[in-house]
Amino acid sequence: AQQRAALHLERARTIPDLGLRAGYRYLNGLSASALVLGVSVPLPFFTRNRGAIAATRHRLAQAKLSKKAARLALQRRLTEAHTQLSRAHLVATSLKTRVLPLAQKSFTRVEEAYRLGRRGYLDVLLAQRTVVEAKHQYIEALARYHKALVDVKLVVGDVQGGPTP
C-alpha cells in the first residue's frame, strides 16, 4: 500500500502546478494605477518525472514479490508443521491404542504365569520393562505432538487449545 501511494504521488508530480498571481501596480508614466493578474502554466517538456515513476514502479513490483514470497514461506512452514503434527498424532494414537494395551496384557499374562510357576522372575522383569518403555515412548510421542501443535499455532496465530490424542 505504501509503494502504491508513492507511485500515485510520483504520477501526480508530472502534472504541472498552475500559478495564479494578483496584485496592484502604480504606473508612474501615466499617473494611473492598475490591477495586475497573472497566470503561469509550466510546460512539462523536460520534467515528466519518468525516472522517479519507473523507480517507484520497480519498488512496487518488488514489494508485491516480497509479499508473495512471505506468503509462500508461511504456507511452507504451515505444511511442515501440519505434517509433523499429523505424524506425532498418528504415533501417539498408535502407542496409546495398540502398543500400551498389548504390552500391559503381555505383562499381566507373564505375571500370572510366574505366580503359577510357569515363568521365571526374569520374564516378569522383561515384560515390566517393555511396559515402562512403551509408556516412555508414549510420553515422548505426546511431547512431540504438543510441540508440533504449538508450531502450527505459531504459524496460524491461534491461541485456543486443541485436542490431545
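Leaving out neighbours within four places in sequence, Gly 38 touches Gly 19, Leu 20 and Arg 21, where contact means heavy atoms within 4.5 Å. This is a predicted model, in which local features need pLDDT of at least 70 and side-chain atom pairs count only at pLDDT 80 or more, while totals for chains, interfaces and linings use all residues. Residues are numbered from 1 along each chain as its sequence is written, and side-chain values use heavy atoms, without hydrogens and water.

Me: What makes Gly 38 count as buried?
Reply: Buried means under 20% relative accessible area (exposed is over 50%, partly exposed in between; 1.4 Å probe, protein chains only). Gly 38 has 15% relative accessibility, so Gly 38 counts as buried.

Me: Happy with that! Why are helix 2 and helix 3 called roughly antiparallel?
Reply: The axes of helix 2 (residues 50-115) and helix 3 (residues 121-156) cross at roughly 160° and come within 7 Å. Angles over 145 degrees count as roughly antiparallel, under 35 as roughly parallel, 65 to 115 as roughly perpendicular and the rest as oblique. Helix 2 and helix 3 are therefore roughly antiparallel to each other.

Me: And which residues make up the contact of helix 2 with helix 3?
Reply: They divide into 28 nonpolar, 7 polar and 7 charged.

Me: Where in the protein chain is confidence lowest, and where highest?
Reply: With pLDDT as the predictor's confidence in each residue, from 0 to 100, helix 1 (residues 2-12) is lowest at a mean of 75 and helix 3 highest at 94.

Terms used: Axes fitted to C-alpha atoms, helices over the stretch in contact; angles between N-to-C directions. Helix = DSSP H or I, 4+ residues; strand = E, 2+ residues; numbered from the N terminus. Nonpolar A, V, L, I, M, F, W, Y, C, P; charged D, E, K, R; others polar.
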